[in-house]
Amino acid sequence: MRLHRIKYFRLSLQEPEGTVEKITSHDVFDAMFCDEPADNAVNRAGLERLIRYIQCGDTVVVDSMATLTSSTEQLCTIIRRLIEKQVTLEFLNENLIFRHDCLEVVEPIIAVMELLAEFERAARREKQAVGIATAKNRGSYRGRKKKLSDNQVVSLIDRACAGESKSKLARDFDISRQTLYRYLRST
């Protein structure tokens, strides 16, 4: 079993040049992996290299949970991925350690974090719905702009009633078949 200490960090736009040297000057790591600030949650090459590199018994050190991701849901997914590889994950700022050999402690913590992520999603959806309802009451919410004008809809319906192919109609009006059927149902 390998016992490497591995550092993962993400550069910040506010950090000056030479930050990498400053980050690693007080602690010794067997390997370091870094992502740029512009890397989004989907495109994190440094994190993916880290996950391919780690082996059973390694310890991954991260300054903060926010360094890994800004989403609680993604954080839980990443923690689970690392724990499945039987590594220890250490967050310095939060003073949290997730050990693969203490699943009876780790699993409830991750479960609570997942519940919080679900709560965040529900609260966001509710807030969005309230915002839309408020905008509708003000008269400033009109929804998505219609793809076809009223004249085009009449022409579409006439041609469909005449037996013209649905695929050809969708191509001619530059709409999806789903949109075509939605227009046809609305009559």
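Helices (H or I, at least four residues) and strands (E, at least two) are taken here as DSSP runs, numbered from the N terminus. The model is predicted, so local features are reported only at pLDDT of at least 70 and side-chain atom pairs only at pLDDT 80 or more, while totals for chains, interfaces and linings use all residues. Residues are numbered from 1 along each chain as its sequence is written, and side-chain values use heavy atoms, with hydrogens and water left out.

The protein chain contains 8 helices and 5 strands, arranged along the sequence as β-α-β-α-β-α-α-β-β-α-α-α-α. Among its 187 residues, 33% are buried, meaning under 20% relative accessible area with a 1.4 Å probe, counting protein chains only (exposed is over 50%, partly exposed in between). The accessible surface, from the Shrake-Rupley method with a 1.4 Å probe, is about 12400 Å², and carbon and sulfur atoms supply 52% of that surface. Of the contacts (heavy atoms within 4.5 Å) with a separation of 6 or more, 60% join residues 24 or more positions apart.

Within this layout, T67 lies in helix α3. T67 is buried, at a relative accessible area of 13%. Beyond the neighbours within four places in sequence, T67 is in contact with Y8, F9, R10, R44 and V62.

Helix α5 itself runs over residues 103-138, 36 residues in total, and spans 52 Å from its first C-alpha to its last. This is close to the 52 Å expected at 1.5 Å a residue, where the expected span is 1.5 Å times one less than the number of residues. After α5 comes G139, with a positive phi near 85°.

Further along the chain is a pair of packed helices. Two packed helices are described by the angle between their axes and the distance between the axes. Helix α6 (residues 150-161) packs against helix α7 (residues 166-173) at about 160°, with the axes 10 Å apart; axes are lines fitted to C-alpha atoms over the stretch in contact, and angles run from 0 to 180 degrees between N-to-C directions. α6 is therefore roughly antiparallel to α7, a term for angles over 145 degrees. The contact involves Q152, S155, L156, R159 and A160 of α6, and K166, K168, L169, D172 and F173 of α7.

Conventions: Angles under 35 degrees count as roughly parallel, over 145 as roughly antiparallel, 65 to 115 as roughly perpendicular and the rest as oblique.
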